[in-house]
Amino acid sequence: MPHEAIIKIKNLCKSYELGDDKKVDILKDVNLEIDATDFCVIVGPSGCGKSTLLHHIVGLEIPTSGSIKVRGTNITKLKTEERSIFRAQKFGMVYQTPYWAKALSVWENVALPLLIDGYKERDAKQIALNSLREIEMDGYADKSPMVLSGGEQQRIGLARALVNNPWIIIADEPTGNLDTHSANLVIETLKNLNKKSKRTIIMVTHNLAYLPLATREVTMKDGQIVSSGDEAVKRQIQNELRGVI
Amino acid sequence: MRLYTILKIAMKNLWGHKSRTMLTVSGVSIGIASIIFLVSLGYGLESLVTNQVANFNAFTVFDVSSANIKNISIDNAAVSKITGFAHVSNVAPVTSIAGRIKKADSSSNSETVIVAADASYWKLAEVMATEGSLPTNASEIMVNQSILTLMGESADTIIGKKIKLDIIIPAEVRTNPVSGLKLIENSEFTVVGYSDSNKAPMVFIPMDILRLNDAAKYSSLKVKAESKDFVFLLRQQIENMGLVTDYVGDTVSEIQQVFSLFRVILGAFGLIALIVASIGTFNTLTISLLERTREIGLFKALGMRNRDVYKLFLSESLIIGFLGGILGVAIGVLAGMGIDALIALYAQRSGAENIVIFDTPWIFAAGTAGLSLVIGFITGWYPSRRAVKMNPLDALRYE
């Protein structure tokens with residue numbers, strides 16, 4: 001079966017002007033292709049540009065130069081509103097700290113991407129409940145997400161990421177704030193989504209224990225992707241990360 | 001995003017902060033209620049005064065008098081001419097002269113005003129007999145309360161009594177003024193009615209008594225137009241004859257002008273309360289925005305469009321404005337009704353005439369409720385714009 005690149009990143013650069021003609025380069029000439037079947041794990045030390053790369057992929061940030069194509073759509077060329085719609089329909093996102101609309105219940109929070117996309121409430125609720133059932137959290141549907149534990153919240157966050165049946169699930173340190181048991185549950189869910197539901201997963205993590213899950217491993221340092229042949233640098237970064245953990 | 005969903009989320013957000021929402025809505029409703037209450041008082045007092053000055057029919061009637069009191073020019077020819085004008089429905093003359101009144105069996109007399117007119121005048125001037133009837137022939141008269149007091153009589157005893165009048169007909173009202181003043185002394189009349197008016201002592205006599213005594217010039221006329229719309233034109237025509245007109249509508253217009261100013265002043269007091277409430281609403285919405293910065297980041301990261309973010313925040317302020325408006329109008333109107341009810345109770349207990357001092361025209365109530373929505377829009381606009389301009393990543397990172 002031929003590999004199908006769902007994401008193609010070419011010469012992506014991002015820099016910020018700090019005034020006094022000073023410039024900080026966050027991403028430097030990043031080139032990356034991710035296949036539709038990939039479980040891509042991005043590792044690297046703090047400040048290496050992992051999260052910034054994710055934000056560019058989902059269109060929350062605009063690069064200084066370069067392009068990002070998602071199934072052929074160059075999202076850097078889309079207008080703000082078009083990017084919002086694209087993000088709402090094609091991506092599911094899981095954050096290190098789950099964010100909630102506090103006044104809404106669990107199912108309403110899970111249904112948010114659908115409601116934002118213009119679904120009728122009745123239809124959105126049905127899909128949200130199915131999504132919660134998929135991760136065995138449907139019993140929490142009418143509770144406030146604020147009363148749930150960190151692990152439960154993260155799994156609800158996963159349900160929300162799945163609800164709009166996205167092509168790609170972006171997970172930014174999804175286990176960063178969780179105990180081992182909860183973290184394992186979240187990782188297990190992501191694994192199943194990749195294997196059984198055939199979703200592309202792009203996960204940023206500090207935890208090297210998750211590297212064996214990766215069908216595509218990306219190591220970043222100083223805004224650049226360390227080339228696959230540069231084993232010495234990779235080992236050095238991994239040793240640094242092990243030291244942190 | 002569907003408007004229904006936006007409104008539902010806005011309602012849930014407001015409901016999620018019940019105390020804060022209720023206090024904010026209360027602030028707006030107190031401001032709106034103040035305006036409704038105070039301006040309704042202005043409207044009520046205006047109606048009260050206007051109704052005291054004139055009833056609805058009075059707006060089709062105006063008075064005509066001579067420009068020079070020493071040279072009365074309203075005679076039968078003038079009456080005929082005015083009657084002939086288009087859109088005149090009735091013309092009724094009246095003559096007021098001086099006289100003396102005494103009981104038939106007494107020699108002491110009292111000064112009085114004698115008002116002579118025909119039945120049509122009594123009707124237009126709304127002169128009515130409280131008991132008995134108005135005089136219909138040359139031997140009958142009606143007296144008022146002040147006459148009863150002067151003569152030591154009561155309403156029960158006066159009707160049917162014979163009294164004597166000295167009627168002093170001045171030269172000015174006589175057909176031929178050169179013939180001079182005419183004094184009719186000790187004419188005997190029967191009192192057929194009494195009016196409870198207690199202004200100056202007054203005797204009401206039929207105009208025929210004067211006509212029989214060669215007095216066919218009149219102090220003034222009441223002219224009734226077919227409708228209010230013709231009054232202006234008729235007054236012009238009559239003033240072109242060298243006569244002077246006096247219309248209750250002029251007085252009412254002046255009263256209305258005074259009360260318009262009064263209402264503006266009262267409304268301004270209410271507006272101060274509303275401005276204070278608006279600042280409170282603005283403050284609440286801004287705090288709510290800051291508290292929900294990460295939520296805005298979430299909405300945007302999940303793909304919510306800027307116009308939907310704008311609608312969501314604006315909906316919350318509009319809901320506050322809407323609820324505040326409805327509640328404020330209800331409180332303002334009920335407070336006015338409550339005070340009117342207390343006045344009615346007091347009037348009933350003390351036997352005084354009941355008065356209504358609050359009047360809320362529905363268009364004013366609707367306008368004020370609309371003003372509350374405008375306040376909601378104004379106070380919500382800035383926080384909504386801020387929410388729209390937020391960068392989703394900065395918003396998500398907001399601590």
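Which residue stands opposite N74(A) in strand 5 of chain A? In this predicted model, that position is taken by K69(A), which faces N74(A) across the pairing. The two strands concerned, strand 4 (residues 65-70) and strand 5 of chain A, pair in the antiparallel sense over two bridges.

This pairing belongs to an open sheet of four strands in chain A, in which the strands follow the order 2-1-4-5 and the pairing is antiparallel. Strand 2 (22-35) and strand 5 (73-74) of chain A stand at the edges of the sheet, and because each has a single partner strand, one side of each is left without a neighbour in the sheet. In general, strands of a sheet pair through backbone hydrogen bonds, in either a parallel or an antiparallel manner.

Between the two chains, 20 residues of chain B are in contact with 21 residues of chain A. On the side of chain B that touches chain A, two or more residues are given by each of helix 1 (3-16), helix 10 (293-301) and helix 13 (392-397) of chain B, and the residues of this side divide into nine nonpolar, six polar and five charged.

Helix 1 of chain B has 14 residues, which at 1.5 Å a residue should span 20 Å, and this agrees with its end C-alpha atoms, which are 20 Å apart. The buried residues of this helix are T5(B), I6(B), I9(B), A10(B), N13(B) and L14(B). These buried residues of helix 1 pack against elements of both chains, namely helix 3 (106-116) and helix 4 (121-134) of chain A, together with helix 2 (18-53) and helix 11 (306-350) of chain B.

Key: Residues numbered from 1 in each chain as written. Chains lettered and ligands numbered in written order. Predicted model: local features only at pLDDT ≥ 70, side-chain atom pairs only at ≥ 80, totals over all residues. Pairing = 2+ DSSP bridges. Contact = placed C-beta atoms within 7 Å. Nonpolar A, V, L, I, M, F, W, Y, C, P; charged D, E, K, R; others polar. Expected span 1.5 Å × (residues − 1). Buried ≥ 20, exposed ≤ 12 C-beta atoms within 10 Å, placed from the backbone.
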